[in-house]
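Subject: Structure for your review

Dear colleague,

Please find below the structure that I am passing on to you. My notes on it follow directly after.

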Amino acid sequence: MEPYIHKVHYYETDKMQITHHSNYIRFMEEARVDFLEKVGYGFDRMEADGLVSPVVGVTCDYKKTTTFAQEIAIAVSVLRCSSFKLVLGYTMTVEGKVVANGTSSHCFMDTNGKFVSLETFYPELYKTLLTYMPENK
């Protein structure tokens, strides 16, 4: 799958034109939305079907700085997927060099805030996500 591309905007940088660290979490969110769209389960579809997947944890390890106007390629992978939890991995690169690695963890709930089993509530999405785990490729 093609990575998501984010071009660093001026407002995302500091006085030295270096990307502020907090923006990488937002870039990961953009990449997650793009990934789900590409696999056929965008937020609009999931929410229309009564499923939400809030973030319950996030990590980001910074390797190199990025600057204004650079394009960050963000590859998304499914690290773990169970009925109740999804962990996505993000590898962020500029010109082939890793600038950051991150993860986000998500649970599954219906629109009333009740925890649900993804395998039971939305088995088609569950099976699709499993195909993106490294051991299933």
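Which residues of the largest nonpolar core touch the most other members? In this predicted model, they are Ile72, Met92 and Leu129, within a core of 33 residues. At least two residues of this core come from each of helix H1 (23–38), S4, strand S5 (86–94), strand S6 (97–106) and helix H4 (123–131). H1 gives the largest share, namely six residues. In soluble globular proteins, nonpolar side chains tend to be buried together.

Leucine 129 deserves a separate entry. Leaving aside residues up to four places away in sequence, leucine 129 touches Phe35, Leu36, Val78, Cys81, Leu86 and Leu118.

Overall architecture

The chain contains four helices and seven strands, and their order along the sequence is β-α-α-β-β-β-β-β-β-α-α. Along the principal axes, the C-alpha atoms fill a box of roughly 50 × 35 × 20 Å. Among contacts between residues at least 6 apart in sequence, 63% join residues at least 24 apart.

Helix H1

H1 consists of 16 residues and spans 23 Å from its first C-alpha to its last, close to the 22 Å expected at 1.5 Å a residue. The buried residues in H1 are Asn23, Tyr24, Phe27, Met28, Ala31, Arg32, Phe35 and Leu36. After H1 comes glycine 40, which has a positive phi near 95°.

Strand pairing

S6 pairs with S3 and with S5. S3 and S6 run antiparallel and are joined by seven bridges; within this pairing, threonine 59 has threonine 103 in S6 as its bridge partner. S5 and S6 are also paired in the antiparallel sense, over nine bridges, and here leucine 88 has serine 104 in S6 as its bridge partner. A hairpin is formed by S5 and S6, with two residues between them. Glutamate 95, in the turn of that hairpin, has a positive phi of about 50°.

Two individual positions

Valine 76 lies in strand S4 (residues 71–81). Is valine 76 buried or exposed? Its relative accessibility is 19%, and because the cut-off for buried is under 20%, valine 76 counts as buried. Apart from residues up to four places away in sequence, valine 76 touches Ala31, Phe35, Leu88, Gly89 and Tyr90. Two of these contacts, Ala31 and Phe35, are among the buried residues of H1. Alanine 48 is 28 residues from valine 76 along the chain, and their C-alpha atoms are separated by 24 Å.

Serine 53 is located in the loop between strand S2 (51–52) and strand S3 (55–62). With a relative accessible area of 11%, serine 53 is buried. What lies 3.1 Å from a polar atom of the serine 53 side chain? The backbone oxygen of cysteine 107 is found at that distance. Not counting residues up to four places away in sequence, serine 53 touches Arg32, His106, Cys107 and Phe108. Arg32 is one of the buried residues of H1, and His106 falls within the range of S6 (97–106).

Yours sincerely

Technical notes
Residues are numbered from 1 along each chain as its sequence is written. This is a predicted model: local features need pLDDT of at least 70, side-chain atom pairs count only at pLDDT 80 or more; totals for chains, interfaces and linings use all residues. Side-chain values use heavy atoms; hydrogens and water are left out. Buried means under 20% relative accessible area, exposed over 50%, partly exposed in between (1.4 Å probe, protein chains only). Contact means heavy atoms within 4.5 Å. A nonpolar core is a set of buried Ala, Val, Leu, Ile, Met, Phe, Trp, Tyr and Cys residues joined through side-chain atoms within 4.5 Å. A polar contact is a pair of N or O atoms within 3.5 Å; within protein, one must be able to donate a hydrogen and the other to accept it, and residues adjacent in sequence count only if both atoms are side-chain atoms. Two strands pair if DSSP finds at least two bridges between them. The expected span of a helix is 1.5 Å times one less than its number of residues.
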